[in-house]
Amino acid sequence: MNRIIVEQSPPLRGTVRTSGAKNSALPIIAASLLSSESCMLEDVPRLNDVSIISEVLEILGAKVEKIGREELMIDASRLERYEAPYELMAKMRASFLVMGPLLARLGKAKISMPGGCAIGTRPIDLHLKGFKALGATIDIGQGYVEASADRLRGAEIYLDFPSVGATENIMMAAALAEGETIIENAAMEPEIVDLSNFINKMGGNVKGAGTNTIKIKGVESLGGAKHQIIPDRIEAGTFMVAAAVTKGDVTVKNVLTNHIKPVIAKLHEAGIEVIEGDDYVRVIGSKDIKAVDIKTLPYPGFPTDMQSQFMTLMSVAEGTSVMVETVFENRFMHVDELLRMGANIRIDGRSAILEGKSRLQGAPVRATDLRGGASLILAGLVAEGKTEIKDIYHIDRGYSDIEEKFRSLGAIIYRK
Ligand SMILES: CC(=O)N[C@H]1[C@@H](OP(=O)(O)OP(=O)(O)OC[C@H]2O[C@@H](n3ccc(=O)[nH]c3=O)[C@H](O)[C@@H]2O)O[C@H](CO)[C@@H](O)[C@@H]1O
Ligand SMILES: C=C(OP(=O)(O)O)C(=O)O
């Protein structure tokens, strides 16, 4: 069962519900380490990445218990160990998010360097700059980052780039530091706001999340909390593009429309009808899809995590589009696979130039990374014949019940 097969499908129709956001669940699970009381998390997506970070927490001494389908109870009262080994870090970069909570709670952390991955080198210099500013001593050697501090102290930290992970790691470390921390040029993603809400429910004092200046007043200790993870805006966006590319009519439920404004705007520009409800969007495909240009940017700009899905849409659009990737330096790996399916794409540095109106054909392809894999499913839905996708572990990192959800909309998709 390590391949996903997608056959040319009818226009997708029906209703699908998005799960909780992977990119909120991962930092919030890590943040549960900040308290010695139990935390209850709801709407936690059933993903491989969630299992991996849960394993990391368990290695550190926390108890992670699945309650029902999408709830996790985390008890970090016996947090003792402070070392996250290479084997787990190699599986998922986001495991590095335990560094801030470990430093805050135990004054010590030894974490394997996360290393690069398909979409770029993804350094951690901004995380470390933040920890150093809070008074931690950092040693790097033999593939590990070791950090220690008797007590972290609040500081003013300017991020050279609004890194999501660095903002989260620093927020978590600062939550138990002495005094106030100010993060300037902070990331403004909705997942940062979700993390800040969780820390505040635990008794923390974080203000300004969702703007580029976040102020964190450290507290002596944090308590337990119950929290529901926000909906996954990237999963929602993926189903919205699926509706558009198949010229279908799909309602995506459990959506915070404010979080997907750039996706809605680009679909409108492409001539696709999007109806916004309180907690849903309905996407009605159009016979003619217009080419649009896209530039990925930190939030509230167009999300890099939606770039590859739009590339599939633009491959069958009317005209030429230019897609510029400014967030990651190597996020065009899926282009070679789309070329195998008949797309007409040329890469020029950080830009991809797409000639639309391609007649896509099913082919054996490889998921090069999570969203690249999603773009191949979308291409497979409209390609003539059968598309066989391998290396689907990338897709399983970020989409739960993906075939079931697509099948419920009429797609012909299965695992073999
Ligand atoms: C688990 C999670 O939430 N993942 C998301 C998070 O990743 P992640 O938190 O890793 O992304 P960042 O915002 O940190 O990275 C953005 C850019 O900053 C660079 N950088 C980052 C940190 C650092 O210390 N130094 C540095 O140079 C990176 O190499 C990259 O080019 O935000 C990305 C950007 O929206 C999304 O694509 C990912 O889905
Ligand atoms: C790049 C992504 O995730 P991660 O940061 O977990 O690799 C993603 O969700 O598209």
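Predicted model: local features only at pLDDT ≥ 70, side-chain atom pairs only at ≥ 80, totals over all residues.
**Ligand 2**

The residues around ligand 2 are Asn 23, Arg 93, Ala 94, Ile 119, Asp 305, Leu 370, Arg 371 and Gly 398. I sorted this shell by class and got three nonpolar, two polar and three charged residues.

Why does ligand 2 lie between domain 1 and domain 2? Both domains give residues to the shell around ligand 2, so the ligand lies between them.

**The two domains**

I then looked up how the chain is divided. Domain 1 takes in 4-19 + 231-415, and domain 2 covers 22-228. Taken over C-alpha atoms, the centres of the two domains are 30 Å apart.

Next I checked where the domains touch. On the domain 1 side, 19 residues are in contact with 14 residues of domain 2. Helix α13 (residues 393-398) gives the most to that side of domain 1, with four residues. I also noted the classes on this side of domain 1: six nonpolar, six polar and seven charged residues.

I turned to the record. The UniProt annotation "binding site", from an unreviewed entry, covers Lys 22 and Asn 23. Asn 23 is also one of the residues around ligand 2.

Lys 22 is found in helix α1, which spans residues 22-31. Asn 23 has its place in helix α1 too.

Are these residues buried or exposed? I counted for Lys 22 and found 25 other C-beta atoms within 10 Å; the cut-off for buried is 20 or more, so Lys 22 is buried. Asn 23 has 25 C-beta neighbours inside 10 Å, so Asn 23 counts as buried as well.

I listed the contacts of Lys 22, leaving aside its neighbours within four places in sequence. They are Pro 45, Leu 47, Asp 49, Asp 232 and Gly 398.

**Nonpolar cores**

Last, I looked up the cores. The largest nonpolar core has 76 residues. Those with the most contacts inside this core are Ile 29, Leu 33, Val 98, Leu 103, Met 171, Ala 173 and Ala 175. Helix α6 (residues 164-174) gives the largest share of this core, seven residues.

There is a second, separate core of 68 residues. Leu 12, Val 252, Leu 267 and Ala 363 are included in this second core.

Which residues is Leu 103 in contact with, leaving aside its neighbours within four places in sequence? They are Ala 109, Phe 131, Ala 136, Ala 147, Ala 149, Leu 152 and Ala 173.

How values were computed:
Residues numbered from 1 in each chain as written. Chains lettered and ligands numbered in written order. Near = placed C-beta within 6 Å. Nonpolar A, V, L, I, M, F, W, Y, C, P; charged D, E, K, R; others polar. Domains from an automatic or database assignment. UniProt positions renumbered as here; feature names shortened; annotations may be inferred. Helix = DSSP H or I, 4+ residues; strand = E, 2+ residues; numbered from the N terminus. Buried ≥ 20, exposed ≤ 12 C-beta atoms within 10 Å, placed from the backbone. Contact = placed C-beta atoms within 7 Å. Core = buried A, V, L, I, M, F, W, Y, C linked by C-beta atoms within 7 Å.
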